[in-house]
Amino acid sequence: MRERMSTKSEGEGATAKVAVPQILWNEGNQRFETEDKEAYVEYVLRDNGKVIDLVHTFVPSSKRGLGLAHHLCVAAFQHAESHSLSVIPTCSYVSDTFIPRNPSWNSVLYTEGGKPNI
């Protein structure tokens with residue numbers, strides 16, 4: 001199944017003129033990806049499909065600096081939230097960059113005993 005994801009981020013105003021990339025959910029390959037499939041975040045489902053573990057983010061060098069990794073993560077977190085899934089941020093980009101810059105997503109992180117399990 002391939003589902004189109006909107007990735008409007010918090011802080012993006014209605015007058016923003018920045019083109020937001022189209023991110024697709026590629027369920028068969030367990031990843032969220034750009035339409036050209038060159039940039040993606042891979043995941044593994046855990047705990048009988050209740051937890052999504054974001055294991056790897058990749059953006060080719062020719063497309064770095066465009067915010068694609070951010071948009072990929074937003075799509076993954078939106079998907080998790082809308083499907084009542086918890087997120088394990090195994091990928092270092094997700095845990096070390098995306099989450100600290102976007103703390104509003106902390107509520108979606110997988111917790112064990114009330115504490116984030118990261």
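Buried residues have under 20% relative accessible area, exposed residues over 50%, and partly exposed residues lie in between (1.4 Å probe, protein chains only). The structure is a predicted model, in which local features need pLDDT of at least 70, side-chain atom pairs count only at pLDDT 80 or more, and totals for chains, interfaces and linings use all residues. Residues are numbered from 1 along each chain as its sequence is written, and side-chain values use heavy atoms, with hydrogens and water left out.

The predictor's confidence in each residue, pLDDT, runs from 0 to 100. The chain averages 87, and 80% of the residues score at least 70.

Helices (H or I, at least four residues) and strands (E, at least two) are DSSP runs, numbered from the N terminus. In helix α2 (residues 92–101), V94, F98 and I99 are buried. Viewed down the axis of α2, these buried residues fall within an arc of 90 degrees (taken from the directions from the helix axis to the C-beta atoms), so they line one face of the helix. D96 and R101, on the other side of α2, are exposed. The buried residues of α2 pack against β5 (51–58) and α1 (68–82).

A salt bridge places a side-chain nitrogen of Lys or Arg within 4 Å of a carboxyl oxygen of Asp or Glu. The whole structure holds four salt bridges, including those below.

| Pair | N to O distance |
|---|---|
| R31 and E33 | 2.7 Å |
| D36 and K63 | 2.0 Å |
| K63 and E38 | 3.3 Å |

Salt bridges with shared partners join D36, E38 and K63 into one network. R31 and E33 are both buried, whereas D36 is partly exposed at 36%.

How values were computed:
Contact means heavy atoms within 4.5 Å.
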